[in-house]
Amino acid sequence: MSLLSVERLDVRHGQLQAVRSISFEVQEGETLALVGANGAGKTTLLRAIAGAHRPAGGRILLDGADVTEVPAYRRVAQGIALVPEGRRLFPGMTVEENLLVARANGRPGPWTIDRVLEAFPMLRARFKAKAGNLSGGEQQATAIGRALVTNPRILLLDEVSLGLAPIAVERVYQCLETLISGGATILLVEQDLGRALRVATRVACMLEGSVVLEGPAAALTREQVTEAYFGLKRGTEQSQPA
Amino acid sequence: MIWVNQIVQGILLGGYYALIACGLSFMFGVMRIINLAHGDLAVLAAFLVWSIVGYTGMSPFLALAIVLPVMGGLGWLMQRVMLERSLRAGMLVPLLTTFGLGIVIQNLLFAYYGADTRSLAPAIGDLAFDSWSLGSQIYISHLAGLIFLVAVLLLGGLQLLLARTPLGRAIRATAEDPDTAELVGINSRAVYAAAAAIAVMTVAVGGTFLGMRATFGPYAGPTQLIFAFEAVVIGGLGSMWGTLFGGIVLGVAQNIGAQIAPNGFLIAGHAVFLLVLGVRLASGSAIARGRIRALLGRSP
């Protein structure tokens, strides 16, 4: 059974249908990268899976159990953690407090605050600093750490490289690759196609709220994804449905 | 010597203002709600304590222990039934709903207890008038000293709760970003309701001491609200120690004002309040950020 399955999910922002009847599955230990242009519905999809946005239709199953109606805060305890776009730390609280507040509500497991500091050594020096005063890279590390200490079964990462200096992106991705090789299950939204293809097991490309291309990262070429990304051949060539 | 005395009495009076303001400050810090029913809730608690004391003859302090959970439950209910809904419509709507709640409380109290003013002072015996003397000219009332001590303990306790406990961290996280708080596993509705319950329980403590040190009637709430509000604003909204400081500044200003001119008590208090607000307004950053919150001095 797949760890996460999304079945015919519809998500709306008022009149706008941001996610149109999307279905896909994520297996245990796999990394699925969602790519797509701005406004394709990636963030909305991730927020719906995390429970921050109520879907208008469809189902979300975590390890076979229907969590569609479960509020966001209880999904954390069941093993879904989202690193939101823009990091969204609690700026007036220290790095330590940001981690502690998440640790209090997560699942028991191997990820402790000490282990986060091992994985992101740059946080050690800033442990007692207000999260609002950190650099972008440090904030992103804290945000990922904050999700990890809840010991998620599936980690949702939304645009972790957005707004970061190239060197900070490199560091964040080094840590992610360690996570991935350690067997973590990750659903990743990434604008940088090269990176997405490199770290992911599978790639799904979204366009206007639908998945227009999905396949193993190794089997897809940059060109195929780029075409799907911009919708260049829509209508002439049948895309592979999920 | 008379000036020293006025300052000492002002500091003690400030402790009372801080005690009354504590719940107002806590509620704004967490929920961004300026609770205009605050003073009326304090008076309601005072009436409840007065009733229990009247029926059973027990000490008002014991009666307060009974009233505390009742007021806590009321705070929880108020959040769930009223404030939660009005908060969804923006920051201004809770002002209206709590204003309305204040009027309802005043008139229910009037309908049930009538227009008589009451006091808990007869029920606390010597505590109502005993004092310590410092030198020949300065006397410190036992009750005022007790109130100051309770204010320090309560505000310090709340500060400690916010800074050191899991519940406190959850409250602060929810205050900063309720959406993201949900994403790290915090039930923000429950946290809000718990914070409202705590806030209204502190109001009950303030109301009881109001009843012990002075008299109160069904319509005494708004006056309490004004002093509490001034103390909170002077000290910076949402900061517990700031509220204690604000209360003391207000109390000292009022007493010095009264020493200068017989009718200077209220004027000096309001003047200091306006001065602090004016300085914050003029300090530019508040205007640049364009936020009422910044005007009221809450650090981001």
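**Pairing, burial and contact in a predicted model**

Biologist: Which residue of β8(A) is the bridge partner of A:L155?

Modeller: The bridge partner of A:L155 in β8(A) is A:I186. This is a predicted model, in which local features need pLDDT of at least 70 and side-chain atom pairs count only at pLDDT 80 or more, whereas totals for chains, interfaces and linings use all residues. Residues are numbered from 1 along each chain as its sequence is written, and chains are lettered from A and ligands numbered from 1 in the order in which they are written.

Biologist: What makes β7(A) and strand β8 (residues 186–189) of chain A a pair?

Modeller: Strands pair if DSSP finds at least two bridges between them. β7(A) and β8(A) are joined by 4 bridges and run parallel, so they qualify as a pair. Strands here are DSSP runs of E with at least two residues, and helices are runs of H or I with at least four, numbered from the N terminus.

Biologist: Why is the crossover from β7(A) to β8(A) called right-handed?

Modeller: The term applies if, with the strands pointing away from the viewer, the path from the first strand over the helix to the second runs clockwise. The chain passes from β7(A) through helix α6 (residues 166–181) of chain A to β8(A), and this β-α-β crossover is right-handed, so its path runs clockwise in that view.

Biologist: Why is strand β7 (residues 154–158) of chain A described as largely enclosed by the rest of the structure?

Modeller: A residue is buried if 20 or more other C-beta atoms, placed from the backbone, lie within 10 Å of its own, exposed if 12 or fewer, and partly exposed in between. In β7(A), 5 of the 5 residues are buried, so the strand is largely enclosed. A:I154, A:L156 and A:D158 point one way, and A:L155 and A:L157 the other.

Biologist: What makes helix α1 (residues 42–50) of chain A mostly covered?

Modeller: In α1(A), 9 of its 9 residues are buried, among them A:K42 and A:R47. Just after α1(A), A:G51 takes a positive phi of about 100°.

Biologist: How many residues of chain B are in contact with chain A?

Modeller: Contact requires C-beta atoms, placed from the backbone, to lie within 7 Å. By that criterion, 16 residues of chain B are in contact with 22 residues of chain A. α6(B) gives the most to this side of chain B, with 6 residues.

Key:
Contact = placed C-beta atoms within 7 Å.
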